[in-house]
Amino acid sequence: MPSLYRTPVSALTGVGKKRAELFEKLGVSSVGELINYYPRSYEDWSAVTAIADIQEEGTYCIRATVGTAVSNAVLYGGRILSRTTVYDDSGTLKLVFFNNRYISQMLAYGAEYFFFGKITIDTHGSQMVAPTFAPVSAGTRIHPIYRQTAGLSSNIIASAVQKALDMLPETIGDPLPELIRRKYGLCGLRQALCDIHSPKNTEALEAARRRLVTEELVVLNLGMRSIREHSRTLSGARIGRDFSAEFETLLPFLLTNAQKRAIADCVRDMTEKPSQMNRLVQGDVGSGKTAVAASVCYTVIQNGFQAAFMAPTEILAAQHFETFQKLLEGTGVSVALLTGSMKESEKKRVRKGLEDGSVQLVIGTHALITDKTAFHALGLAVTDEQHRFGVAQRAKLLSKGDNPHLLVMSATPIPRTLGLIIFGDLDISVIDELPPNRKPVRTVMLPGSQRGRIYRFIREEVGKGRQAYIVCPLVEEGELTGVASAEEYAAELMLKHFPDIPVGIVHGKLKPAEKEAVMDGFAKNEYKILVATTVIEVGVDVPNASVMMIENAERFGLSQLHQLRGRVGRGEAQSFCVLISDNGGAVTRRRLEVMCSTNDGFRIADEDLKMRGPGDFFGERQHGLPQLAIADFAETKSLELSQKIADDIMMIYHDLRNDELRLLNAEIDRLFDRGGHNTMN
Ligand code: ADP
Ligand code: MG
């Protein structure tokens, strides 16, 4: 098998230079990669219907002989329509194809094929539209469908794959040791590869899938463990003394027990363990992660090192900067802000301070990890809202110091089994308690016709001294008809409903300085209402705000709604969240009802994962993990199994470098080199 990764696909008959380039587009350049290019789905061709038995529209598989030569007609607009008639013992059927000038060469008059496709029935009778087909001799009953690209159809890919499989030696090495395969009833690699591409029946397909999914997750699991093991061998900045008690006296509130535990975990990591800290602090929105991070920064700084705090947006960085500045006033700790939108001269000044050590704590955005930024003695790197950063960005920040300690903060609650893998290289502290006197946000779902009522309610709340957010999903004018742009929307609000109340507006199109000025005005209670796009989604903290109204709520994911809602309910007043939606679909209603029934981020994340699948759940691969070829992060059972097998392997072989794990190790390298995890997103 390894040698097949060095054999280019062009070595296969039927794959010339042109096709090889198309395969390249699909990420396939070697024969080995082609064998690992698994079908996207399957069509079950095993149930063959006699033509005479087709009475209703639907998808069918027939076994029939081509009874007329294929005729081509050019339609208006240059589209090509190809037609033929096929027959079996019971009757005849018309077939039509679109835009495939080669059909007449592919279908031989008088030859027998399996045809699989949609039957439509109209006044002219039944026809099968654009079916897929294969000669009867191919005998494939469960037909693989591959992700295709222009010029490279699923069928072409399938036949190239068959030729690639023919190149597999009779016996191939198996990354999963036999011991493990036997214990868990997993089939051998060769069998699995053949059956995943052309299974004889559904049982064979299931067995192949199970084997390959398990292997991939085991490989991912062990890879993450080895990253962790590696970081355990690096010694972090020497922290001798704990200053967290001193820090607590600076806070205007008492820490919750959960916050204290998280801080203690960090301090223990840094002072007692010989290696650097790699810790994730996970806590729902509003659980007070900032104070935890601030405390840890304080301890590191008082021990003579610098700390860097990276936030995903300029707004958030600016806000954290203000919070930290206020907290640390009078302590002599020098704090600076570093963001991309700052004036060059300003940035230069801050960077100089970081280099000579006069700036002890820096809050910033991605500007922190550009090559221009260097530190005198970086002892701690913090990333806020980790789901916004990839593993690579985390690594880049760490590279700014001599193995600084790492603290990662995340509000995205992830189902536990998944968390174990995604954050497999981190130790975890959970803040499972909200600060006292928080009242759960009351959430309701209403149709747009009720807006007037909500506006009146907002007016009342403002009258009580509170503030409100109104979120609309769009930035640009007319991006979608029927949905107002944030600006139009704000203009109408100000003129019609709140002429006497100061309304601020932020959206993605504003310059960072403009955004900041508006946010600042809102934080200072100069604006009573803030009309915003999702730029306020993460982290923004204005405890006086008590109403969050979300327009077109159906356009947001549940986890995102939960993040948005987390902007209210941060003070002691009862807060409200109003989800406006005119989309009456059952699925939409069910999703939004979850929001109304719970404030528990974990439950919402679970529901979200169930309803949308992991792809959407994570947005643009925000987990920062390598891309999987076959496994799926939502398959909890497989995740658990892989965890168990990875444990077994470590128990039996002790060390990944064990010679018997040579092939498994090669797979780990391959998965983690496949790009994705180490690209900046
Ligand atoms: P998140 O975990 O979402 O980042 P923050 O750190 O922004 O939450 O904290 C949310 C709000 O709760 C802030 O206004 C913060 O000052 C306040 N807060 C944090 N910890 C406590 C506490 N122990 N007691 C009271 N208020 C707290
Ligand atoms: Mg936060």
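**Close-up views of a predicted protein–ligand model**

**View 1. Surroundings of ligand 1.** In this predicted model, ligand 1 is surrounded by 17 residues (each with a heavy atom within 4 Å of the ligand), and the closest are G286, K289, T290, R438 and D541. Polar contacts are pairs of N or O atoms within 3.5 Å; within protein, one atom must be able to donate a hydrogen and the other to accept it, and residues adjacent in sequence count only if both atoms are side-chain atoms. A polar side-chain atom of D541 is placed 2.8 Å from an oxygen atom of ligand 1. Polar backbone atoms also approach ligand oxygen atoms, at 3.1 Å for G288 and at 3.4 Å for S287.

View 2. Strand β19 covers residues 529-532; helices (H or I, at least four residues) and strands (E, at least two) are DSSP runs numbered from the N terminus. I529 and V531 point one way from β19, L530 and A532 point the other way, and all are buried (under 20% relative accessible area; over 50% is exposed and the range in between partly exposed, with a 1.4 Å probe and protein chains only). Strands pair if DSSP finds at least two bridges between them. β17 (residues 467-471) runs parallel to β19 and is joined to it by 4 bridges, with Y469 opposite L530. β18 (residues 503-506) is likewise parallel to β19, with 4 bridges, and G504 has L530 as its bridge partner.

View 3. A130, in strand β7 (residues 125-135), has a positive phi near 45 degrees and is partly exposed, with a relative accessible area of 43%. H654, in the loop between α21 (636-653) and α22 (662-673), has a positive phi of about 65 degrees and is exposed at 63% relative accessibility.

View 4. The pLDDT, the predictor's confidence in each residue from 0 to 100, averages 86 over the protein chain, and 89% of the residues score at least 70. Residues 475-483 stay under 50, with 15 contacts beyond four places in sequence (heavy atoms within 4.5 Å). Residues 615-622 are also below 50. Where pLDDT is low, the predicted coordinates should not be read in detail.

**Conventions.** Residues are numbered from 1 along each chain as its sequence is written, chains are lettered from A and ligands numbered from 1 in the order written. Local features need pLDDT of at least 70 and side-chain atom pairs pLDDT 80 or more, whereas totals for chains, interfaces and linings use all residues; side-chain values use heavy atoms, leaving out hydrogens and water.
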